[in-house]
Amino acid sequence: MLTVGLLVAWAQPASAHNVAGVSATNYRTTFTGMAPPVPGLQLRVVEAGSRLELTNSSAAEVVVLGYQREPYLRVGPQGVFENLRSPSTYVNRTRNGGTVPGTADPAAPPEWRKVSSGHLARWHDHRAHHMGTTDPPTVRRAPDRHHVLNDWTVELQQGSTAIQAKGILEWVPGPSPFPWLAVALVTLVLVALVAGRERLLAALLTALLVIDVAHAIGVGFEAAGGLGDKLRAMAGGSVYSVPVWIVAAVAVRMLVRRRPDALLGALFGGILLALLGGMIDITDLSRSQVPFAGPVFVVRAMVAVTIGLGFGIAAAAGLGLRALRPAAAPAGDTPAG
């Protein structure tokens, strides 16, 4: 009991599953084209709009200009370099910005530092995604309507050729969450009514555990990069989930072996998975942009089923524990001397 309580308290600061700092949102970033088109030069939006990715497979180096049109990044045959004197280098460290040191000066000669031997650079470009904690006035006035909020441009330089990478930032209203909440409620009721035996509870809790692990994999694999990058993103996003998976796996083992406290394990395993695998991502049901490597309806179904199945297992286990309690002796009855 104490261990589970500590896990719940420890998990309270957890936030929804996200990729590179962005979770479910209604803001959509789209790359619309490059003018002029340059052979071997490609730009795309990755990680649900959180970062831009520039690939240069040409023989000529390309320079990305920062917010004050200073040299910010170099991408070319020699690798990827960042300018340590550019304020953009520090502002773009995270999705929400970063602290700019006093040594940064956009007018100073560039001080290049090599960050990669490849031909690909990724960065948080704050021109391309929404900044701030409140929605723009146009969105607040009509949140159920589609809005084009910004036509963004990132300037590049290849030799004497000026290049503009263009895109748009939009507000795309999400769907109603109520059909998915209905799925969660129906699942909860059905599981609570039918899951009366330990073996059935073990099977349902195993299914719930598999769904939650698959959910974490789908979120992690939305990260840009190779397999290693995706696995690191999954591991980073599962810091709070792994202890819960352990609790659920132990509960399954207890149920299979019909341990006396197996129902208690199922109760807490179901609640923890419902909270950290479902409720924490409930905005996935009502947002148009969800960081997940797969169809959006799949992750919405995962969240809805996790909520219903988790709380349903907890309810069934709670009913089972109540049925196991010894009946109270009638008032006035006293044992024979």
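**Entry 1: helix α7**

For the record, helices (H or I, at least four residues) and strands (E, at least two) are DSSP runs, numbered from the N terminus.

A note on what I am looking at: this is a predicted model, where local features need pLDDT of at least 70 and side-chain atom pairs count only at pLDDT 80 or more, while totals for chains, interfaces and linings use all residues. Residues are numbered from 1 along each chain as its sequence is written, and side-chain values use heavy atoms, with hydrogens and water left out.

Next I asked which residues of α7 are buried. Buried means under 20% relative accessible area, exposed means over 50%, and partly exposed is in between (1.4 Å probe, protein chains only). A handy reminder for reading such a list: an α-helix has 3.6 residues a turn, so residues three or four places apart point the same way.

Just after α7, I found Arg258 with a positive phi of about 55°.

**Entry 2: the cores**

Which residues have the most contacts inside the largest nonpolar core? They are Leu201, Leu205, Leu255, Leu273 and Ile313, in a core of 28 residues. A nonpolar core is a set of buried Ala, Val, Leu, Ile, Met, Phe, Trp, Tyr and Cys residues joined through side-chain atoms within 4.5 Å. The elements giving two or more residues to this core are α5 (198-220), α7 (241-256), α8 (262-277) and α9 (296-324). My helix from the opening entry, α7, gives the most, with eight residues. I also noted a second, separate core of 24 residues, with Leu52, Val80, Trp152 and Val154 among them.

**Entry 3: Arg74**

I looked up Arg74 in strand β5 (residues 71-76). Is Arg74 buried or exposed? Arg74 counts as buried because its relative accessibility is 17%.

Then I listed its neighbours. Leaving out residues up to four places away in sequence, Arg74 touches Glu61, Val62, Val63, Gly79, Val80, Phe81 and Trp112; contact here means heavy atoms within 4.5 Å.

- The side chains of Arg74 and Glu61 make a polar contact at 3.1 Å.
- The charged end of Arg74 sits over the ring of Phe81, 4.3 Å from its centre.
- Arg74 also lies over the face of Trp112, at 5.0 Å from the ring centre.

A polar contact is a pair of N or O atoms within 3.5 Å; within protein, one must be able to donate a hydrogen and the other to accept it, and residues adjacent in sequence count only if both atoms are side-chain atoms. A charge sits over a ring if NZ of Lys or CZ of Arg is within 6 Å of the ring centre and within 35 degrees of the ring normal.

**Entry 4: ring pairs**

How many aromatic pairs are there? The count comes to two. Rings of Phe, Tyr and Trp (its six-membered ring) pair if their centres lie within 6.5 Å; planes under 30 degrees apart count as stacked, over 60 as edge-to-face and the rest as tilted.

Tyr27 and Trp171 form an edge-to-face pair, 5.1 Å centre to centre with 75° between the planes. This pair links distant parts of the chain, 144 residues apart: Tyr27 is in strand β1 (residues 27-35) and Trp171 in strand β10 (residues 161-171). Tyr27 is buried at a relative accessible area of 10%, and Trp171 is buried at 7%.

Tyr72 and Trp123 are edge-to-face as well, at 6.3 Å centre to centre and 80° between the planes. Tyr72 is in β5 and Trp123 in strand β8 (residues 120-123), 51 residues apart. Both Tyr72 and Trp123 are buried.

**Entry 5: loops**

I finished with backbone details. The peptide bond from Ala35 to Pro36 is cis, with omega near -5°, and Pro36 lies in the loop between β1 and β2 (41-46).

Ala48, in the loop between β2 and β3 (51-56), has a positive phi near 55° though it is not a glycine. Ala48 is partly exposed, with a relative accessible area of 24%. Arg69 is another non-glycine with a positive phi, about 65°; Arg69 is in the loop between β4 (62-65) and β5, and is exposed at 51%.
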